[in-house]
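I opened a new model today and kept notes as I went. Here is what I looked up, entry by entry.

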Amino acid sequence: MAYNHLKERLKPFFQQFADSGKAIGAEDIKEYFAKLRGDEQAIKEAGDNAAAAGGSGKDSDDTRHEQSGF
């Protein structure tokens, strides 16, 4: 079932390249799989949460500090 589900999700992606005659690049594939995994939504939510916490990327009750490098 998982194979068939993935096949159905990939078929339109590959079809657009076949119809246009354009070669598929590695970046095209990475971008498409990121969308399939929902990475864009996760990145957007993380950005929204960071903005809500004052834009520092930390929760307001977070008292951790970054240590200096080597």
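Which helix do the buried residues of H1 pack against? I looked, and they pack against helix H2 (26–37). Here buried means under 20% relative accessible area, exposed over 50%, and partly exposed in between (1.4 Å probe, protein chains only).

**Entry 1: ground rules.** I noted that this is a predicted model, where local features need pLDDT of at least 70, side-chain atom pairs count only at pLDDT 80 or more, and totals for chains, interfaces and linings use all residues. Residues are numbered from 1 along each chain as its sequence is written, and side-chain values use heavy atoms, with hydrogens and water left out.

**Entry 2: the overall plan.** I found three helices and zero strands. Helices (H or I, at least four residues) and strands (E, at least two) are DSSP runs, numbered from the N terminus. Along the sequence I read the pattern α-α-α. The chain has 70 residues, and 7% of them count as buried.

**Entry 3: helix H1.** H1 covers residues 2–20, which is 19 residues. From first C-alpha to last, H1 reaches 28 Å, close to the expected 27 Å. The expected span is 1.5 Å times one less than the number of residues. I then checked for a bend, the angle between axes fitted to the seven residues ending at a residue and the seven starting there. H1 bends by about 30 degrees at Leu-10, and Pro-12 follows within four residues. Leu-10, Phe-13 and Phe-17 are buried in H1. After H1 comes Gly-21, with a positive phi near 80 degrees.

**Entry 4: helix H2.** H2 has twelve residues. H2 reaches 16 Å between its end C-alphas, close to the 16 Å expected. Gly-38 follows H2, and its phi is positive too, near 85 degrees.

**Entry 5: where the two meet.** The axes of H1 and H2 come within 12 Å and cross at roughly 145 degrees. Axes are lines fitted to C-alpha atoms, for helices over the stretch in contact, and angles run from 0 to 180 degrees between N-to-C directions. Contact means heavy atoms within 4.5 Å. On the H1 side I listed Leu-6, Arg-9, Leu-10, Phe-13 and Phe-17. They meet Asp-28, Ile-29, Tyr-32, Phe-33 and Leu-36 in H2.

**Entry 6: aromatic rings.** How many aromatic pairs does the structure hold? I counted four. Rings of Phe, Tyr and Trp (its six-membered ring) pair if their centres lie within 6.5 Å; planes under 30 degrees apart count as stacked, over 60 as edge-to-face and the rest as tilted. Phe-13 and Tyr-32 have ring centres 4.2 Å apart and planes at 15 degrees, so they are stacked. That pair links distant parts of the chain, since Phe-13 lies in H1 and Tyr-32 in H2, 19 residues apart. Tyr-32 and Phe-33 pair edge-to-face, at 6.4 Å centre to centre and 85 degrees between the planes. Ring pairs link Phe-13, Phe-14, Phe-17, Tyr-32 and Phe-33 into a cluster.

Entry 7: Why does Phe-13 count as buried? Its relative accessibility is 6%. Phe-33 counts as partly exposed because its value is 29%. Phe-33 touches Leu-6 and Leu-10, not counting residues up to four places away in sequence. Phe-33 and Leu-10 are 23 residues apart in sequence and 9.3 Å apart in space, C-alpha to C-alpha.
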